[in-house]
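Here are my notebook entries from an afternoon with one protein model. Have the sequence and the 3D view open while you read along.

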Amino acid sequence: RTGSELFERITGLPEYYPTRTEIAILEACGPEIARLAGDDCLLIEYGSGASRKIRILLDALSGRCQYIAIDISKQQLIESTAQLAAEYVGLEAFAVCADYTRPFALPAETLSSAGRRIVFFPGSTIGNFNPRDAKEFLTNAARQIGPQGGLLIGVDLKKDPAKLNAAYNDSEGVTAQFNRNLLVHINRALGADFDVSLFEHRAFYNEQAGRIEMHLVSLGEQTATIAGERIHFDEGESIHTENSYKYSIEEFQQLARDSGFHPEKVWTDTESLFSVHYVTVADSASV
């Protein structure tokens, strides 16, 4: 829950452009997206979070769909899906607590009556996968989506490194709290004894790899224990906690093709900070 709450704070920070930019794109293109999705679609959201962006699609679709929210944060998932069901009278909304990076089953009651399956994967979460894993993830998504289905996905674009570095090193330190919360969670879940105050948040754009890297850097020589295993840290040694890969439009479209999709449409903002792609399952990927 703490991680989810901190991330929601991050999305509203002035330096963090992805969320507000993606929302503006979705709002501008909602009617066109609804036309591409078609009536009676089965809308499947990977990583639904607080369900802010899905409302834009539901408004554009005028409730002509079924909706499945998938997230690993169970309590937030239940609360946000129940709220959506209350707001959109007549919407059949389902909550599936699952790790969407691994195989999971869709609710059986949604599969017989729904039309085209449309997976919604916003927030450029695809950037958290390395390119090989991104291809595997997208290939598995194509199989789950099936014939005639589509994927609507947010993808952060390559840009001035200063803009990227500022987005992951906000002046309020919320991203630093989010990063260090990993250690809090490890302490609680695995019986570890990390002293969170002895690790510093560090994020930077690795231009050669095309990714933001997030690290927790040890401020001194120390030893932590996880489930009886002692792990020594030298001063300056880091735990590499996260990657966020950035793509050009052409790079992502090629990744989509390699994963069994056919690029259909792409929308961007006027500054070319962010992109939203609609890709459909290629015939060879249908199962």
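Entry 1: I began with the rule for patches: they are made of residues with over 30% relative accessible area and no salt bridge, where like charges are joined within 9 Å and nonpolar side chains (Val, Leu, Ile, Met, Phe, Trp, Tyr) within 5 Å. Lys and Arg count as positive, Asp and Glu as negative, while His and the chain ends are not counted. I placed each charge at NZ of Lys, CZ of Arg, CG of Asp or CD of Glu. Accessible areas come from the Shrake-Rupley method with a 1.4 Å probe, and for residues only the protein chains shown count as cover.

This is a predicted model, and local features need pLDDT of at least 70, side-chain atom pairs count only at pLDDT 80 or more, and totals for chains, interfaces and linings use all residues. Residues are numbered from 1 along each chain as its sequence is written, and side-chain values use heavy atoms, with hydrogens and water left out.

Which residues form a negative surface patch? I found Glu221, Asp234, Glu235 and Glu237. Glu237 sits in the loop between β9 (229-233) and β10 (238-245); helices (H or I, at least four residues) and strands (E, at least two) are DSSP runs, numbered from the N terminus. Glu237 has a relative accessible area of 36%, so I wrote it down as partly exposed (buried is under 20%, exposed over 50%, partly exposed in between).

**Entry 2: salt bridges.** I looked for a side-chain nitrogen of Lys or Arg within 4 Å of a carboxyl oxygen of Asp or Glu. By this rule I have 13 salt bridges.

Arg35 is exposed at 58%, whereas Glu32 is partly exposed at 25%.

Glu32 also forms a salt bridge with Lys265, with the closest N and O atoms 3.4 Å apart. Lys265 belongs to strand β11 (residues 261-268) and Glu32 to helix α2, so this pair ties together parts that are 233 residues apart in sequence.

I also noted a network of salt bridges linking Arg1, Glu5 and Glu79.

**Entry 3: the inside.** A nonpolar core is a set of buried Ala, Val, Leu, Ile, Met, Phe, Trp, Tyr and Cys residues joined through side-chain atoms within 4.5 Å. The largest one has 32 residues, of which Tyr46 and Ile126 touch the most other members. Helix α5 gives the most to this core, with six residues.

Methods:
Buried < 20%, exposed > 50% of the residue type's maximum accessible area, 1.4 Å probe, protein only.
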